[in-house]
Amino acid sequence: WDAPDSLADGILDDETYDWQADIAVIRTSKGRPIVVAEEQVRQAYELVDSLGLAVSPTGTAGLAALLPGSGPGTGVAPGERVAVVFSGVRR
């Protein structure tokens, strides 16, 4: 990306120094990375903010993949269990 921009700016690292640990967790859990549109990132943040939780936009990004319209390969299958961690403090 020439000029990355996102409300969830905490995930726009120019160096992913912890990528090896991230990949290890994904493989161990049989998970997968999910890429969503910026619109879903904004919707997730606005939803959590409307609940009165002071979470950073980056900390709400995990919810974005569960929102309608997030794209192919996202969402939750019937009977599937997920956990979303809201992290980071809004500053």
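Visitor: Which helix gives the most to the lining of the largest pocket?

Guide: Rolling a probe the size of a water molecule over the atoms shows where empty space is left. Here α1 gives the most to the lining of the largest pocket, with seven residues. This is a predicted model, in which local features need pLDDT of at least 70, side-chain atom pairs count only at pLDDT 80 or more, and totals for chains, interfaces and linings use all residues. Residues are numbered from 1 along each chain as its sequence is written, and side-chain values use heavy atoms, without hydrogens or water.

Visitor: Which helices each supply at least two residues of that lining?

Guide: They are α1 (19-29), α2 (38-50) and α3 (61-64). Helices are DSSP runs (H or I, at least four residues), numbered from the N terminus. The chain has three helices and zero strands.

Visitor: How do the residues of the lining of the largest pocket divide into nonpolar, polar and charged?

Guide: There are 22 nonpolar, 12 polar and eight charged residues. Ala, Val, Leu, Ile, Met, Phe, Trp, Tyr, Cys and Pro count as nonpolar, Asp, Glu, Lys and Arg as charged, and the others, Gly among them, as polar.

Visitor: Where is confidence lowest, and where is it highest?

Guide: Where pLDDT is low, the predicted coordinates should not be read in detail. pLDDT is the predictor's confidence in each residue, from 0 to 100. In this chain, confidence is lowest in α1, at a mean of 87, and highest in α2, at 94. The mean pLDDT of the chain is 83, and 88% of its residues reach 70 or more.
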